[in-house]
Amino acid sequence: GGRRIIKKELQILTEIPSSLRDLARLVVRGFYPMEDALVIDMLVRYPCMRENDVRSLLKFDKKHLRARMDLLKKDKLVQVKQRIETDEEGHVIKMNCYYINYRTFVNVVKYKLDHMRKKMETSERDQTSRASFKCLNCEKKFTDLEANQLLDFTTGEMRCTFCSGTVDEDESPEPKKDSRLQLAKFNTEMKPLYELLHQVESVRLAQSLLEPEPVEIESLLKNGTSKNKPKN
């Protein structure tokens, strides 16, 4: 049975698996505005789309769509390539075509999750070693380690290195627990994402899926909207 599993892992897929589609939708719904979720949803359904088709289907104006696409491109969730096409008047135009490169998408999601998690873990560590002693006179704060060095052996009290005032435990509310809870909440909320990432780990896609060609949108063609005609 082991040999069959290996073969399956190395198999190059010629269709996008549902786990990858779900991952794309879940990520953008969780971290981006609804408009971006609509764009990604559209590109999950139609692997590569001309700018005019996206605009016609989503009813976005050109400037607005490009602003959204620029953000998604910057975050490497969406790729763009240009095609030279002819409009109805016979003019040669450069048409932006948008698509998702799922390999890049997965890598970006892994990186972002990793980055967020590390940030939270660092914040938890920082809060664990945060100042927990304070000078009652000048309010200078000290960590546990520093406080040990402030001990005045003659009086048995801790003295501030700045103003020689008495140093005592800082009674301000402790946020230690908060950051631990935050991390636990993050892990719980991200569980579906991690599970999907695990599922797609060994997925290999055919080059035609990673660099798809623009599709003809039937519903638009039926409505009589030319695929090439630029609409402003």
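**Entry 1: helix 3 against helix 5**

I began with the residues that touch between two helices: E35, D36 and V39 in helix 3 meet H64, L65, R68, M69, L71 and L72 in helix 5. By class, this contact has 5 nonpolar, 1 polar and 3 charged residues. A reminder to myself before going on: this is a predicted model.

How do the two axes cross? I looked up helix 3 (residues 34-45) and helix 5 (residues 62-74), and their axes come within 11 Å and cross at roughly 80°. Angles of 65 to 115 degrees count as roughly perpendicular, so helix 3 is roughly perpendicular to helix 5.

I found an open sheet of 3 strands in the order 2-4-3, with antiparallel pairing. Which strands are at the edges? They are strand 2 (48-50) and strand 3, each of which pairs on one side only. On average, neighbouring strands of this sheet are turned by 30° against each other, if direction is ignored.

**Entry 2: strand 3 with strand 4**

I then followed the pairing of strand 3 (residues 79-86) with strand 4 (residues 92-99), where the two run antiparallel and are joined by 8 bridges. For a landmark I picked K81, which stands opposite C97 in strand 4. The two strands form a hairpin with 5 residues between them. In the turn I noted G90, which has a positive phi of about 85°.

**Entry 3: strand 2 with strand 4**

On to the other pairing in my notes. Strand 2 and strand 4 also pair in the antiparallel sense, here over 3 bridges. Which residue of strand 4 is the bridge partner of C48? I looked it up, and the partner is Y99.

Helix 4 (residues 51-58) lies across strand 2 and strand 4, and runs at about 85° to strand 2.

**Entry 4: empty space inside**

Last, I went looking for holes. Rolling a probe the size of a water molecule over the atoms shows where empty space is left. How many cavities of 30 Å³ or more does the structure hold? The count is 1, and the largest cavity has a volume of about 50 Å³.

I wrote down the residues that line the largest cavity: I16, R21, L43, V44, P47, I100, Y102, L209 and P212. Sorted by class, the lining has 8 nonpolar, no polar and 1 charged residues. I noted that L43 and V44, both in this lining, fall within the residues 34-45 of helix 3, which takes me back to where I started.

Note on methods: Residues are numbered from 1 along each chain as its sequence is written. This is a predicted model: local features need pLDDT of at least 70, side-chain atom pairs count only at pLDDT 80 or more; totals for chains, interfaces and linings use all residues. Side-chain values use heavy atoms; hydrogens and water are left out. On a 1 Å grid over the protein atoms alone, a cavity is a set of points where a 1.4 Å probe fits but cannot get out, and a pocket is an open set with protein on both sides within 12 Å along at least five of seven lines; lining residues have an atom within 4 Å of a point. Grid points are joined across faces, edges and corners, and a volume is the space filled by probe spheres set on the points. Ala, Val, Leu, Ile, Met, Phe, Trp, Tyr, Cys and Pro count as nonpolar, Asp, Glu, Lys and Arg as charged, and the others, Gly among them, as polar. Axes are lines fitted to C-alpha atoms, for helices over the stretch in contact, and angles run from 0 to 180 degrees between N-to-C directions. Helices (H or I, at least four residues) and strands (E, at least two) are DSSP runs, numbered from the N terminus. Angles under 35 degrees count as roughly parallel, over 145 as roughly antiparallel, 65 to 115 as roughly perpendicular and the rest as oblique. Contact means heavy atoms within 4.5 Å. Two strands pair if DSSP finds at least two bridges between them.
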